[in-house]
Amino acid sequence: MRELTGETPPAPTVDPMRLADSALLDKMFEKAGFSVTNGHNEMGDLTFDLGAEDVAWKSVMISHLKRLEEMEVAGDEGIQERTKNLVGKMATNGGFVDGGRLR
């Protein structure tokens with residue numbers, strides 16, 4: 001986001017790494033009355049097909065779409081196109097584009 005706006009992105013409202021603490025989650029599940037099974041904390045790779053690259057960039061930027069819209073309304077007519085191009089560049093460089101689809 002800094003490359004587009006010059007601003008430091010805001011901190012996430014929810015810490016996604018909190019989900020990485022399986023012991024904490026297991027306690028929360030137990031407290032809620034759930035029981036867990038063997039292997040429920042196993043990890044593996046998942047590949048998501050976010051769709052065609054020219055549309056999927058919005059999924060990547062979902063937490064920033066409101067700000068991008070505000071910038072566009074304020075007169076930055078090219079912000080969405082620049083964002084789409086930047087996401088595409090980063091995804092391609094990271095190996096996340098396959099056959100024109102973001103994965």
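Arginine 82 is partly exposed in this predicted model, with a relative accessible area of 37%. Its side chain forms a salt bridge with aspartate 76, and the closest N and O atoms are 2.9 Å apart. Aspartate 76 is partly exposed too, at a relative accessible area of 23%.

Side chains of opposite charge can pair when their charged atoms come close. How many salt bridges does a search of the whole structure find? The search finds 6, and the table shows some of them.

| Salt bridge | N to O distance |
|---|---|
| Arginine 82 and aspartate 76 | 2.9 Å |
| Arginine 101 and aspartate 49 | 2.9 Å |
| Arginine 67 and glutamate 70 | 4.0 Å |

Arginine 101 is partly exposed, with a relative accessible area of 33%, and aspartate 49 is partly exposed at 39%. These two residues also belong to a network of salt bridges that links Asp49, Asp98, Arg101 and Arg103.

The pair of arginine 67 and glutamate 70 lies within helix H4 (residues 65-73), where being 3 residues apart separates them by about one helical turn. Arginine 67 is partly exposed at 29% relative accessible area, and glutamate 70 is partly exposed at 40%.

Leaving aside residues up to four places away in sequence, aspartate 26 touches Val36, His40 and Asn41.

Next, see how two helices meet. Helix H3 (residues 53-60) packs against helix H5 (residues 79-93) at an angle of about 95 degrees, and their axes are 9 Å apart. That angle makes H3 roughly perpendicular to H5. On the H3 side, the contact involves Glu53, Asp54, Trp57, Lys58 and Val60; on the H5 side, Gln80, Thr83, Lys84, Val87, Gly88 and Thr92. By type, the residues of this contact comprise 3 nonpolar, 4 polar and 4 charged.

Finally, glycine 95 lies in the loop between H5 and strand S2 (97-98). Glycine 95 counts as exposed because its relative accessibility is 59%. From methionine 17, glycine 95 is 78 residues away in sequence and 23 Å away in space, C-alpha to C-alpha.

How values were computed
Residues are numbered from 1 along each chain as its sequence is written. This is a predicted model: local features need pLDDT of at least 70, side-chain atom pairs count only at pLDDT 80 or more; totals for chains, interfaces and linings use all residues. Side-chain values use heavy atoms; hydrogens and water are left out. Axes are lines fitted to C-alpha atoms, for helices over the stretch in contact, and angles run from 0 to 180 degrees between N-to-C directions. Helices (H or I, at least four residues) and strands (E, at least two) are DSSP runs, numbered from the N terminus. Angles under 35 degrees count as roughly parallel, over 145 as roughly antiparallel, 65 to 115 as roughly perpendicular and the rest as oblique. Contact means heavy atoms within 4.5 Å. Ala, Val, Leu, Ile, Met, Phe, Trp, Tyr, Cys and Pro count as nonpolar, Asp, Glu, Lys and Arg as charged, and the others, Gly among them, as polar. Buried means under 20% relative accessible area, exposed over 50%, partly exposed in between (1.4 Å probe, protein chains only).
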